[in-house]
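Colleague: I have some questions about the labels used for this structure. Please show it to me, and then we can go through them.

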Amino acid sequence: MNEEYLWNKKGSDPEIEILENALKPLRFAGSVPPRLPARVAERNKASRRGFFGFWLAPAFAAVAVAIVGLAVYWPASRVTNIATGPEDSSVLSGKTEVTKSEERPAPITVPPVQKPAPIVTLYKVPKRRTLRPTNLVAVKSVRKAPHVKLTKEEEYAYSQLMLALAITSSKLKIVKDTLDGPDARTMVPIKEKDAFRK
Amino acid sequence: MPDSELTSQVFAFPAREFPAAAAATVSIQAELVDRISAGDEEAFGELYRMYAPMAHGIVLARVPRNDVDDIVQEVFISAYENLATLKNKDAVGSWLAMIARNRAAEYFRRARPMDEIPDEIGQDDAERTEANEILAAIRTLPEAYKETIVLRLVEGMTGQEIAEQTGLTPDSVRVNLHRGMRLLRDKLGIEVKR
């Protein structure tokens, strides 16, 4: 057997040549390349955007929604804190007096005055409060889009966006609590607690 | 004698020959993949013409001949669909070879239990009958040998071309060819004696 001929067809080897000639009918005849679906070409193009191309749009969307949420939530929380502060303190102080006079107080009494209607009359709400409903409407309109059929990539981006929003919201809550202190409405006075224990 | 000259004599490394032809092929492969990714169908046609014989040989070594052309087409469609998963563009040949092997294996997994129609049916040509007999003998060879032997004897590729296209090392191809041919000759000799 001629090794050189077997490797690069240089020289000759009758035995191998006979086999080659016999097997020629089975050789690839050269057919037309398969016709390709256009959809796949588009997908290949899209998949070449890479990591940043894939994450940049959802990240921008998440930041934008967080800013809108901050713009709506921050002024609203400040207004309610200003409004409820003095009122709640007076209510709570009145309540403690009542519990002192009774031997066995009710376990937990809900403060009678909760509606902020008179408070609004006491403290003039700044004009920006009137902007809130319009902002809220804008946020709601964003949420009203799920009937659109999403691709897998878009669904994934949507879920990531929702996750980012949830995280942002919790962080904002922490910041708000840190800045404003604990909410007076959710606190029970120490005296009342002691009375309840007795 | 200057130091530099002495050093060059002491460390007389043989000049490393850079395989220019192989490098050119590599760059062509990468360029083709880029063009196909950009949606160039003509580039896909070039890739098909370049590698279809190799895919044909790999599939022919395993699958009945009547289904080989369909599977070759499937190989290239599958490659096109999954082109984004190709990490090394220069290794598109070995990637296609792998797809061809997987498709051939898949053919037997999905094949329904039925009697295979012999390749000879409908062919009066004596040459074809002889070809089918030799092919049947090649298919009985071990996996590594039969693929290389088909690419060499049926598709007419040289050892170097087989190595470049399938991603095997030239030494492996050389060994596969040598041992495969020896086994094939024995098998054909045995068949003749019987």
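Modeller: Start with the loop between helix H1 (3–8) and helix H2 (14–23) of chain A, where Lys9(A) lies. Bear in mind that the model is predicted.

Colleague: What makes the phi of Lys9(A) worth a remark?

Modeller: Most residues other than glycine have a negative phi. Lys9(A) is not a glycine, yet its phi is positive, at about 65°.

Colleague: Why is Lys9(A) called partly exposed?

Modeller: Its relative accessible area is 34%. Buried would need under 20% and exposed over 50%, so Lys9(A) falls in between and is partly exposed.

Colleague: What is the secondary structure of chain A made of?

Modeller: Chain A has 8 helices and 0 strands. Along the sequence the pattern reads α-α-α-α-α-α-α-α. Of its 198 residues, 19% are buried.

Colleague: Which residues form the nonpolar patch on the surface of chain A?

Modeller: The patch consists of Leu70(A), Trp74(A), Val175(A) and Leu179(A), which together have about 340 Å² of accessible area. Helix H4 (50–101) and helix H7 (152–180) of chain A each give two or more residues to this patch.

Colleague: How do you know that the length of helix H4 (residues 65–81) of chain B agrees with what its residues should span?

Modeller: Helix H4 of chain B has 17 residues, which at 1.5 Å a residue should span 24 Å. The C-alpha atoms at its ends are 25 Å apart, so the two values agree. Its buried residues include Val68(B), Ile71(B), Val72(B), Val75(B) and Tyr80(B).

Colleague: How many residues are in contact between chain B and chain A?

Modeller: Chain B brings 48 residues into contact with 30 residues of chain A. The area buried between the two chains is about 3700 Å², and carbon and sulfur atoms give 65% of that. Tyr80(B), Arg152(B) and Leu153(B) supply 16% of the area that chain B buries against chain A, more than any other three residues.

Colleague: Why is the meeting of Glu20(A) and Arg152(B) called a salt bridge?

Modeller: The side chains of Glu20(A) and Arg152(B) are 2.5 Å apart, N to O. The cut-off is 4 Å, so the pair qualifies as a salt bridge. The count between chain B and chain A is 2 salt bridges.

Technical notes:
Residues are numbered from 1 along each chain as its sequence is written. Chains are lettered from A and ligands numbered from 1 in the order in which they are written. This is a predicted model: local features need pLDDT of at least 70, side-chain atom pairs count only at pLDDT 80 or more; totals for chains, interfaces and linings use all residues. Side-chain values use heavy atoms; hydrogens and water are left out. Helices (H or I, at least four residues) and strands (E, at least two) are DSSP runs, numbered from the N terminus. Buried means under 20% relative accessible area, exposed over 50%, partly exposed in between (1.4 Å probe, protein chains only). The expected span of a helix is 1.5 Å times one less than its number of residues. Patches are made of residues with over 30% relative accessible area and no salt bridge: like charges are joined within 9 Å, nonpolar side chains (Val, Leu, Ile, Met, Phe, Trp, Tyr) within 5 Å. Accessible areas come from the Shrake-Rupley method with a 1.4 Å probe; for residues, only the protein chains shown count as cover. Contact means heavy atoms within 4.5 Å. Buried area is the accessible area (1.4 Å probe) that two parts lose on being put together, summed over both.
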